[in-house]
Every structure is written in C-alpha cells, then in structure tokens.
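Hi,

Here is the structure I promised to pass on.

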Amino acid sequence: MKDITERLNDYRECSRHIWNTYFRFLKEGDSLFWSVEEELFNQMVLSQISEPPVRLRPTWRNKEPIPYLRIVPTSHCGSPVMINRVGDGGYWDDPVNMVNPEEVDLRFLEFFDFAAPQGYRDWKHYRARIQRFTTQKHLEGRDLLIDASYVNVFYTGE
C-alpha cells in the first residue's frame, strides 16, 4: 500500500479554497462546483496514481466507495467517528463512536462537511464506507465520518 494522505490533503485544501472563495457566492454555485471538484479530484489524486477518472457525485445516496482508497485511523487507542443510521442519510448518531485501525477496513467516499448548501466548507471529515468491522459486524456496509486529522489514506492498487 502507498500512503497518499498528502495528495488527498492537497486536493482537500484546493477544493475547499476554490469553493469558499469563488463558488459559494454564485447563483447555483453548488451545482456548478461539482464538475470542478470532480475534475480536481481526478487530476490531483487519481491521475497521479494512474487510475482512471471517476464520477464523484451521481447522488450522495447509494454511492459506491472507491475501492482502492483505504482510510486508516491513526490512533491505536481509538479514533472518534460518527456512524450513519441504517436507511437514513441525515443522522450520524450510532452509539458506536470509536474505531481502531486493527478492527476496521474503511473505503473513501468523499470529503464531508455539515455546511449549508451555499455555506463555508472546511471538508473536515472523510466520509467512508465500512467494509469490515471485526468487533461490530452489524455496522459493515454503513457509512461513517472521521475527522481528516485522524487518518492516513492509502492507495491499495486493487
């Protein structure tokens, strides 16, 4: 596995700067920005690891993770997370709120922020799909949010 954390951090910084500085004030800026964000991701991240372009946002529901981008929590004592309720996209309040790198396999979905559609965005969280959770099998297949400062991102080459 190749550590590409800095590559994702660069993309995150570029994307949020462009949104916050130029697009958030535009009429329909939200819908205009998605194609820009997608191109940034494809060029700044995927082309640099020789992967083909992807569609980032057909919709946020039923979205598939990027299987070769693995999100790994950095703390072996547990990293705080918010796990989505089953069948509801708006609530991140599952009682399980910590993960260890040894017990989970998380795959990248997107950067996430609780901002209003035209609000300031920090992209503070990674949104990831739980592929494996050895101590909480019932959570496999659900999405979680984890602060970007608590993870490393690896290209698995799968």
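Predicted model: local features only at pLDDT ≥ 70, side-chain atom pairs only at ≥ 80, totals over all residues.

Below is what turned up, starting with the rings and moving on to the charged side chains.

Residues are numbered from 1 along each chain as its sequence is written, and side-chain values use heavy atoms, with hydrogens and water left out.

On the rings, there are 12 aromatic pairs (Phe, Tyr or the six-membered ring of Trp, centres within 6.5 Å; planes under 30 degrees apart are stacked, over 60 edge-to-face, the rest tilted). One of them is Phe108 with Phe111, edge-to-face at 6.0 Å centre to centre and 75° between the planes. Phe108 is buried at 1% relative accessible area, and Phe111 is buried too, at 3% (buried is under 20%, exposed over 50%, partly exposed in between, with a 1.4 Å probe and protein chains only). Ring pairs also tie Phe108 and Phe111 into a cluster with Tyr11, Phe41 and Tyr126.

Now the charges. Arg121 has its charged end over the ring of Trp19, 3.8 Å from the centre (NZ of Lys or CZ of Arg within 6 Å of the ring centre and within 35 degrees of the ring normal). Likewise, the charged end of Arg85 sits over the Tyr91 ring, 4.2 Å from its centre.

Beyond its neighbours within four places in sequence, Asp30 is in contact (heavy atoms within 4.5 Å) with Trp19, Pro117, Gln118 and Arg121.

Cheers
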